[in-house]
Amino acid sequence: MDSHQAAQEWQEIERVRGRARVDLRSVDIPLLVFGVLMVASAAVSDSGPRMGAYWGVAAPVGTLVTVWLYRRRGRGRGITGSNAAYFAVSFGIAAAAFAAAVAASAFGSALAAALAPITAVAIAYVMLGWLTRSALLAAIGAALVAGVIGLWLAEVEPDRAALVLALAVGGSLLLAGLGCRFVSRVEQ
Amino acid sequence: MTQSQARHPSSGLDAIVHQPARLGILTVLGEARRADFVYLRDTLELSDGNLSRQLQVLEQAGHVAIEKVFEGRRPRTWVSLTKTGRVALRAERDALRALVNRLDGLR
């Protein structure tokens with residue numbers, strides 16, 4: 001085989017790889033699940049400890065729901081992936097979110113307590129983006145982290161910061177998830 | 001010229017893995033925990049007969065494991081990559097990449 005033939009074969013296997021990755025790990029599922037959870041967190045955005053407790057439960061529940069939806073979709077499409085990494089990352093992030101909120105409350109920073117759980121969710125998006133090779137997810141996570149830092153530097157009131165993140169960011173994640181779902185249906 | 005200097009990158013290609021359909025099958029399975037017969041057929045645009053033949057070759061070589069199950073009343077064939085298959089796929093990709101880099105070096 002010569003190098004030109006190898007280059008053509010390489011292109012073809014990269015195409016097949018890309019198709020398998022898209023079918024395995026479309027990004028709409030985590031966007032929709034965590035978008036809903038983030039919007040729902042608005043109900044407890046007035047209290048840092050309640051927000052920490054909320055995400056301490058919501059993050060693992062959201063993870064389990066995300067994994068279940070991926071597996072269900074995988075069985076339907078005929079291609080399934082390993083979920084061990086997702087469980088490890090997501091439970092680690094949930095623990096970090098809860099610990100961060102508790103630590104921030106202990107140091108007396110209400111703003112940090114309000115922002116810490118959502119920072120953990122943002123980091124989870126970056127890591128999910130890395131796991132799924134999705135630049136979109138990683139970019140959303142990075143934008144979330146930037147938003148949190150911006151709110152911290154602006155010293156926004158904790159209640160308002162948490163509410164802004166819950167509604168604006170959660171709503172954006174939902175819209176992004178619905179958009180991805182619509183695009184993938186049109187392409188099919 | 002020494003023997004290692006004279007060795008062409010194509011000598012790293014495995015005849016069983018290198019066939020386009022089989023390489024495509026292993027590539028899909030390299031990304032997944034498992035894929036079913038219909039998914040492989042549609043993604044790789046193969047006929048049922050051709051895919052069955054290629055899977056048989058790969059199974060005999062120990063590169064894939066095939067599991068036939070019933071989901072309700074519906075029969076389903078799931079295919080997954082074995083450890084041997086994963087090693088073979090990685091070696092094939094490395095050999096192809098070396099050939100492509102050789103081409104880039106000539107340009």
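Let's start with one residue: Asp28(A) lies in helix α2 (residues 28-40) of chain A. Helices here are DSSP runs of H or I with at least four residues, strands are runs of E with at least two, and both are numbered from the N terminus. The model is a predicted one, where local features need pLDDT of at least 70, side-chain atom pairs count only at pLDDT 80 or more, and totals for chains, interfaces and linings use all residues. Residues are numbered from 1 along each chain as its sequence is written, chains are lettered from A and ligands numbered from 1 in the order in which they are written, and side-chain values use heavy atoms, leaving out hydrogens and water.

**Around Asp28(A)**

- Asp28(A) counts as buried because its relative accessibility is 2%; buried means under 20% relative accessible area, exposed means over 50%, and partly exposed is in between (1.4 Å probe, protein chains only).
- Not counting residues up to four places away in sequence, Asp28(A) touches Arg73(A), Gly177(A), Cys180(A) and Arg181(A), where contact means heavy atoms within 4.5 Å.
- With Arg73(A), the link is a side-chain to side-chain polar contact at 3.0 Å.
- A polar contact is a pair of N or O atoms within 3.5 Å; within protein, one must be able to donate a hydrogen and the other to accept it, and residues adjacent in sequence count only if both atoms are side-chain atoms.

**Chain A as a whole**

- Chain A has seven helices and one strand, and from the N terminus on they run α-α-α-β-α-α-α-α.
- Of its 188 residues, 46% count as buried.
- Take the contacts in chain A between residues at least 6 apart in sequence: 75% of them join residues at least 24 apart.

**Where the chains meet**

- On the chain B side, 26 residues are in contact with 27 residues of chain A.
- About 2400 Å² is buried between the two chains, and carbon and sulfur atoms give 60% of that; buried area is the accessible area (1.4 Å probe) that two parts lose on being put together, summed over both.
- Glu31(B), Tyr39(B) and Arg93(B) supply 28% of the area that chain B buries against chain A, more than any other three residues.
- There are three salt bridges between the chains, a salt bridge being a side-chain nitrogen of Lys or Arg within 4 Å of a carboxyl oxygen of Asp or Glu.
- Glu14(A) forms a salt bridge with Arg93(B), and their closest N and O atoms are 3.2 Å apart.
- The largest share of the side of chain B that touches chain A, seven residues, comes from α6(B).

**The sheet across both chains**

- Four strands form an open sheet in the order β1(A)-β1(B)-β3(B)-β2(B), with antiparallel pairing; two strands pair if DSSP finds at least two bridges between them.
- The edge strands, each pairing on one side only, are β1 of chain A and β2 (64-71) of chain B.
- β1 (residues 79-80) of chain A and β1(B) run antiparallel and are joined by two bridges, with Thr80(A) standing opposite Arg34(B).
- β1(B) also runs antiparallel to β3(B), again with two bridges, and Asp36(B) has Trp78(B) in β3(B) as its bridge partner.

**A spot on chain B**

- Pro20(B) lies in helix α3 of chain B, and Pro20(B) counts as exposed because its relative accessibility is 57%.
- The C-alpha atoms of Pro20(B) and Leu44(B) are separated by 9.6 Å, with the two residues 24 apart along the chain.
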